Amino acid sequence: MRGISVKEAAAIVGGSLANEKNADDEILSVVIDSRKVESGAMFAALRGERVDGHDYIGKAFELGAVCCLAEHVPEGVSGSVIVVSDVAQAMKELAEVYRRCFDIPVIGVAGSVGKTTAKEMIASVLSARYKVLKTEKNLNNELGVPLTVFRIEPEHKAAIIEMGISDFGEMRRLAKIVRPTMAVYTLIGHAHLEHLHDRNGVLKAKTEMLEYMPDDGTLFLNADDDLLASYECGQERILYGLGPEADVRAENVSFDSLYGMSCDIVSGDRKIHVKIPAYGKHMLYAALEGAAVGLKLGLTDDEIAAGIAAYETVGRRASVSDTGFITLIDDCYNANPDSVMCAIDSLSQSNGRKVCILGDMLEMGENKESLHAQVGAYAENKGVSLLLCVGELSKYTCVAAENINSLHFETNAELIDELPHLIRKGDTVLVKASHSMKFEEISEALKLLK
């Protein structure tokens, strides 16, 4: 963060400035973890369920904070404190003003599935030419997005900001901060249905972003998603996908191995042969998203190909490894019906016996039972040989796969105990569930099989 002083920040958020000795000093960064405070940082003292940031204001000043953003000044604190009624709201207001200091392409990434993968791929492609700022980890909500915006520096020539929501109004508030010049929509799926009700509700909530996009902005829409393909707006629309109707499409797709794919990305007269160092249908879409944004921003064919080739898998998102006993597709970061079926599509392209280990998908709304059953039937139709399920809702997944070997377990521990008797050498095993199911325990147990 550059260009805003302590005194200016106080005025922006409508706060009172206690202890004004650093009033004219520039704020160099904004952090919410006192352990990350460096010289010149503003420490935002948020109240959490277990920790109150106000208890660490003194420590923040000891580490070099130029000021703190807080709801009161703790006793004994002598540093500059901007006092506001709501620290989180003040962060959003400050980030909104700071964002307007930059006239660069800002790409908002939204969708029910694949946001982080899209963000990482777009960043990888644009990094072939530009210094790029991207969302770190999963900082994609009303707390994380301001922190991401604060990290934009003058040397950045583009920013890719992931924007995640679960209810109406959230995207509007995020977009007011981000002011994206471009938007990438990955998929409108069955996620957060407890609040958004159905896919039309998901579309409505996620396209609130457009209210804060310029008229000359650009939307990149998945042509293989029925709601996105038919979505009309005032901004430029660029469709990407696997079919001939897409403006940017993939042709001559080759699944070279579990560790990579290749294809030709075609747009008008341009044909770019790319190698994707990751596996799965979702990675084709990510490559198309990166290429589409790169084409719009004027990158060359070689730059786009190099950027896609430089992509690195993030965390437990479809991470593929050879354990020496099985091929493990560790995709237990999160799950909804669309992402699970996409993962099963990828599994169907693999060698060896195909095994799915699936758990509950949460926040599915009133149709949660039928959506879990739909996944079980899909696994059966895609040639899965063994389906192992854990969780109350996953009983419906198991029952729906009535013509294949399917087993249900009450707990992760019960399943883990049986893995040596169920998994064979040479199997390809997909592990996927909502994050709170803690399926990383199962992935780690699979790595130990011999």
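Aspartate 24 is exposed, with a relative accessible area of 59% (exposed means over 50%, buried under 20% and partly exposed in between, using a 1.4 Å probe and protein chains only). Its side chain meets that of lysine 7 in a salt bridge, at 3.0 Å from N to O (a side-chain nitrogen of Lys or Arg within 4 Å of a carboxyl oxygen of Asp or Glu). This is a predicted model, where local features need pLDDT of at least 70 and side-chain atom pairs count only at pLDDT 80 or more, while totals for chains, interfaces and linings use all residues. Residues are numbered from 1 along each chain as its sequence is written, and side-chain values use heavy atoms, leaving out hydrogens and water.

**Salt bridges**

- Searching the whole structure turns up 27 salt bridges.
- Lysine 7 lies in helix 1 (residues 6-13) and aspartate 24 in the loop between strand 1 (16-18) and strand 2 (29-31), so this pair ties together parts 17 residues apart in sequence. Helices (H or I, at least four residues) and strands (E, at least two) are DSSP runs, numbered from the N terminus.
- Lysine 7 itself is partly exposed, at 46% relative accessible area.
- Lysine 92 pairs with glutamate 142, their closest N and O atoms being 2.8 Å apart. Lysine 92 belongs to helix 3 (residues 87-99) and glutamate 142 to the loop between strand 7 (132-134) and helix 5 (144-150), so parts 50 residues apart in sequence are tied together.
- Lysine 92 counts as buried, at 15% relative accessibility.

**A salt-bridge network**

- Glu96, Arg100, Lys176 and Arg179 are linked in a network of salt bridges.
- Within it, glutamate 96 and arginine 179 have their closest N and O atoms 3.2 Å apart.
- Glutamate 96 is buried at 12% relative accessibility, and arginine 179 is partly exposed at 23%.

- Six strands form an open sheet with mixed pairing, in the order 15-16-20-17-18-19; two strands pair if DSSP finds at least two bridges between them.
- At the edges are strand 15 (319-322) and strand 19 (405-409), each pairing on one side only.
- Strand 17 (residues 354-359) and strand 18 (residues 386-390) run parallel and are joined by five bridges; leucine 358 has cysteine 389 in strand 18 as its bridge partner.
- Helix 12 (residues 337-348) packs on the sheet, touching strand 16 (327-330), strand 17 and strand 20 (428-432); contact means heavy atoms within 4.5 Å.
- The direction of helix 12 makes about 170° with that of strand 20; axes are lines fitted to C-alpha atoms, for helices over the stretch in contact, and angles run from 0 to 180 degrees between N-to-C directions.
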